[in-house]
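Biologist: I am new to this structure and would like a close look at one part of it. Please keep the account plain and connected.

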Amino acid sequence: MINFILNGKEAVSNAKANERLLDVLRGEFKLTGVKCGCKEGECGACSVIIDGKLANSCMVAMGSLEGSAVVTIEGYRETDRFHILDKAYASVSAVQCGFCIPGMILASECILSRNPSPTEAEIREGISGNLCRCTGYNAIVDAIDIAAKEGKGLW
Amino acid sequence: MVNYLPISLKNALEIRASEVVTPYGGGTDLMIRADEKAVYLFLNKVPEMKNIEEDSKYIRIGAGCTFTDIIENKLAPAILKEAASQVAAPAIRNFGTVGGNICNGSPKGDSTLIFYVTDSILRLVGSKGERMLPISEFFLGRNKTSLNEDELLVEILMSKSGLNNYYYKKIGARNALAISRVSFAAVLDALDNRITHCRTAFGAINDVVVCRADIDAMLIGKTMEEASRIKDEYLDAYDKAIVPIKGRVSAEYRKTVCMNLLRDFLESNEI
């Protein structure tokens, strides 16, 4: 049994210590906004936030999480910050197929929570572990820049 | 199944000594080949392994420090910060640890190369006490290290001086999330235009990092002008010493890149 905080609430997992967080979130907790792309830490589709830090949930074993706080897109979408990012992404059509977007949004949050006014280079660095095969990234970079301006004071 | 998540080094060492466990730093290498039978000893909450401190001689880096911890720390030497900032991407840097990078045993470890070129010392602690081992003696072959079954790598000791003038280049297929195809680091220290210290290291080209103090010794005690005069001899010695193996790229490519980087390092120091 592993006790941790999931999207702000106390959670108990029956998973084994060596199971991947990704599989547990999708299988045990049915949080399917967490996408499985590569299981090698290369694509960022499974991104979540652990104790305030962006993480690839495919690279995290459950046993390491006892007492930690995990946020997935399902929890993050309830925040005001999400709504700013949601609007910004939509305003520049930064979403095409959408598979990378849950991870991309959480990467955006981690950029802005560390640095509310990032430069373009800092935005690109911040999403460098999140692959998108549709958009060519420019619209996503624009969206994060817009969110930074529209969300002044939120981050 | 038991979950081994110690919250002190003492507790971690007790488990390590009494069970067959796989030490788990941040998981970013281990989980690529997640093993259903693996019993991990999670070290991510052991406070004694998370510190970065200095004493009179060394900067002591806790083996459980993540690349992000190092980038954000004031004491960590610039050469280590630069290599850490080029590892993978933010999410991996947030969890991957220097201890894991070393103990994984790969010659491609980006921080491993830095610890080689800085002649760093590993503090290995086991049930019968501790030993201080120069990193060059830790690697026995590809993925083979001299870490004993009851031991943990607790700290890496880096010299406090002589590391400011450094050179570091990582060659990968892309900017982010790249595994090194060739990596090269060097440090050179001079006093009154005379070379007092020089060390070079080549990563990702063979089973272990190539680091040849005996060849670098050719430059010690020389002025830049004297070093320039024996440059060809020095390059020839490395030309013989560097025997890359074929990987995702050819051995010839690796060799050419190594020699180009070595020349560039010398030229950047006007040698």
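Which residue is the bridge partner of B:Ile61 in S9(B)?

Modeller: The bridge partner of B:Ile61 in S9(B) is B:Ile156. This is a predicted model, in which local features need pLDDT of at least 70 and side-chain atom pairs count only at pLDDT 80 or more, while totals for chains, interfaces and linings use all residues. Residues are numbered from 1 along each chain as its sequence is written, and chains are lettered from A and ligands numbered from 1 in the order in which they are written.

The pair belongs to two strands of chain B: strand S4 (residues 58-62) and strand S9 (residues 152-159) run antiparallel and are joined over five bridges. Strands (E, at least two residues) and helices (H or I, at least four) are DSSP runs numbered from the N terminus, and two strands pair if DSSP finds at least two bridges between them. Both strands sit in an open sheet of five strands in chain B, with the order S3-S4-S9-S5-S6 and antiparallel pairing. Strand S3 (52-54) and strand S6 (129-134) of chain B are the edges; each has a single partner strand, so one side of each lacks a neighbour in the sheet. On average, neighbouring strands of this sheet are turned by 25° against each other, direction ignored (axes are lines fitted to C-alpha atoms, for helices over the stretch in contact, and angles run from 0 to 180 degrees between N-to-C directions).

Elsewhere in the model, the largest nonpolar core has 133 residues, and B:Ile79, B:Val117, B:Ala185 and B:Ala201 have the most contacts inside it. Such a core is a set of buried Ala, Val, Leu, Ile, Met, Phe, Trp, Tyr and Cys residues joined through C-beta atoms within 7 Å; buried means that 20 or more other C-beta atoms lie within 10 Å of a residue's own, with C-beta atoms placed from the backbone. Helix H4 (residues 101-114) of chain A gives the most to this core, with eight residues. Beyond its neighbours within four places in sequence, B:Ile79 is in contact with B:Ile114, B:Thr118, B:Leu163, B:Tyr166, B:Tyr168, B:Ala185 and B:Val187. Contact here is a distance within 7 Å between C-beta atoms placed from the backbone.

Between the chains, 25 residues of chain A are in contact with 24 residues of chain B. On the chain A side, strand S4 (residues 53-56) gives the most, with four residues.

Notes. Two residues are in contact if their C-beta atoms, placed from the backbone, lie within 7 Å. A residue is buried if 20 or more other C-beta atoms lie within 10 Å of its own, exposed if 12 or fewer, and partly exposed in between; C-beta atoms are placed from the backbone.
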